[in-house]
Amino acid sequence: MAPVSMSIRPAPDAVLHLWEVTVRRGSAVLLDAVSLQVLVDERWVILGPNGAGKSTLMAVASAMLHPTSGRAHVLGERLGAVNVADLRPRIGLSTAALAARVPPLETVRDVVVSAGYGVLGRWRETYDEVDFARADELMAAMGVSDLAERRFGVLSEGERKRVLAARALMTDPEMLLLDEPAAGLDLAGREDLLVRLSALAVDPMAPATVLVTHHVEEIPPDFSHVLLLRDGRVVAAGPIEQTLTEETLSETFGMALALQARRGRFFAYAG
């Protein structure tokens, strides 16, 4: 398919703007001239197989990684010309790497509320009732209120994913990044999470969201856009109804795939 065409300058309401972003590690090209623009009212899915470059893209979007070449603007600031320590608190982030850094004895409520200071593991920082009320509200929204006093280390994989999603929203971020939030969940856990993410997607007060997944079945209803990646390159990007097709999905995963859509959900199988 034709490469994504985009202006070098971000739109005024863009929360993320990548222009021909390339990331190299030695001789390996992890991202190859990727262009993407996420506007403030959009909900994006990044879809692709293992090794497609999805995690690398999320590292750039979260201001954790600078591109080797190209331009990356995050929340209106160009990476390389801004103090990323000031930028990162404005981004809500949930990743497996973050989960690995949470102290196992930390309670769920403290995992969520401590996002206000950008720390993992409460120490001497202080919080008021407004902070805890916000944490309780977000735990309820993610269905983990009953886990508030549980230790993070004893939670299931699915419970951890929902706790980290609540934490990611704690600071009222301007952009929310969710890296495989449904990975490791059983069927009931996945469906419950997708309902909650769909409700977030249609909330006009919710932040612009970028969600990474390997599976079309994990795309929440009401997400608006999709970017398909293969071998670090963009296969297609745009509104999900026009962009996610059998042709683009088959090209992305390197095999003939049939695609069905029902009530805002997608299902794929070998064609």
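Which residue forms a salt bridge with Lys161, and how many Å apart are the closest N and O atoms? I opened the notebook with that. The model is predicted, and I read every entry below with that in mind.

**Entry 1: Lys161 and its partner**

I found Glu157 as the partner of Lys161, with the closest N and O atoms 3.7 Å apart. Both residues lie in helix H6. They are 4 residues apart, about one turn of the helix. I then checked accessibility. Lys161 is at 9% relative accessibility, so I log Lys161 as buried. Glu157 is at 40%, so Glu157 goes down as partly exposed.

**Entry 2: other salt bridges**

I searched the whole structure and got 11 salt bridges. One of them joins Glu149 to Arg109, at 2.2 Å from N to O. Where do Glu149 and Arg109 lie? Glu149 is in the loop between helix H5 (129-141) and helix H6 (157-168), and Arg109 is in helix H4 (residues 108-113). The two are 40 residues apart in sequence, so the pair ties together separate parts of the chain. Glu149 has a relative accessible area of 56%, so I mark Glu149 as exposed.

I also looked at Arg230 and Asp231. Their side chains meet in a salt bridge, 3.8 Å from N to O. Arg230 is partly exposed at 31% relative accessible area. Asp231 is partly exposed too, at 47%. Next I noted a network: salt bridges with shared partners join Arg109, Asp136 and Glu149.

**Entry 3: helix H1**

Is helix H1 mostly covered or mostly open? I find H1 (residues 54-61) mostly covered, with 7 of its 8 residues buried. The buried set is Lys54, Thr56, Leu57, Met58, Ala59, Val60 and Ala61. I note that Lys54 is on that list. After H1 comes Ala63, which has a positive phi, near 65°.

**Entry 4: the four-stranded sheet**

I traced an open sheet of 4 strands in the order S2-S1-S4-S5. The pairing is antiparallel. Which strands are at the edges? They are S2 (28-39) and S5 (77-78), each pairing on one side only. Strand S4 (residues 69-74) pairs with S5 in the antiparallel sense over 2 bridges. For His73, I found Arg78 in S5 as the bridge partner.

**Entry 5: the S11-S12 hairpin**

I moved on to strand S11 (residues 257-262) and strand S12 (residues 265-270). They run antiparallel and are joined by 6 bridges. Leu257 has Ala270 in S12 as its bridge partner. The two strands form a hairpin with 2 residues between them. Arg263, in the turn, has a positive phi of about 50°.

**Entry 6: the largest pocket**

How much space lies in the largest pocket? I log about 560 Å³. Its lining has 23 residues. Met64, Arg88, Ile91, Leu93 and Leu98 lie nearest its centre. The elements giving two or more residues to this lining are H1, strand S6 (91-94), helix H3 (96-101) and H6. By class, the lining divides into 12 nonpolar, 7 polar and 4 charged residues.

**Entry 7: the second largest pocket**

I put the volume of the second largest pocket at about 250 Å³. This pocket is lined by 15 residues. Nearest its centre are Arg134, Leu138, Leu169, Leu200 and Asp203. H5 and helix H7 (187-201) are the elements that give two or more residues to the lining. Which element gives the largest share? H5 does, with 4 residues. By class I count 10 nonpolar residues, no polar and 5 charged.

**Entry 8: Thr95**

Last, I looked up Thr95. Thr95 sits in the loop between S6 and H3. Is Thr95 buried or exposed? At 14% relative accessible area, Thr95 is buried. I left aside neighbours within four places in sequence and looked for contacts. Thr95 is in contact with Leu164 and Asp179.

Terms used. Residues are numbered from 1 along each chain as its sequence is written. This is a predicted model: local features need pLDDT of at least 70, side-chain atom pairs count only at pLDDT 80 or more; totals for chains, interfaces and linings use all residues. Side-chain values use heavy atoms; hydrogens and water are left out. Buried means under 20% relative accessible area, exposed over 50%, partly exposed in between (1.4 Å probe, protein chains only). Two strands pair if DSSP finds at least two bridges between them. A salt bridge is a side-chain nitrogen of Lys or Arg within 4 Å of a carboxyl oxygen of Asp or Glu. On a 1 Å grid over the protein atoms alone, a cavity is a set of points where a 1.4 Å probe fits but cannot get out, and a pocket is an open set with protein on both sides within 12 Å along at least five of seven lines; lining residues have an atom within 4 Å of a point. Grid points are joined across faces, edges and corners, and a volume is the space filled by probe spheres set on the points. Ala, Val, Leu, Ile, Met, Phe, Trp, Tyr, Cys and Pro count as nonpolar, Asp, Glu, Lys and Arg as charged, and the others, Gly among them, as polar. Contact means heavy atoms within 4.5 Å.
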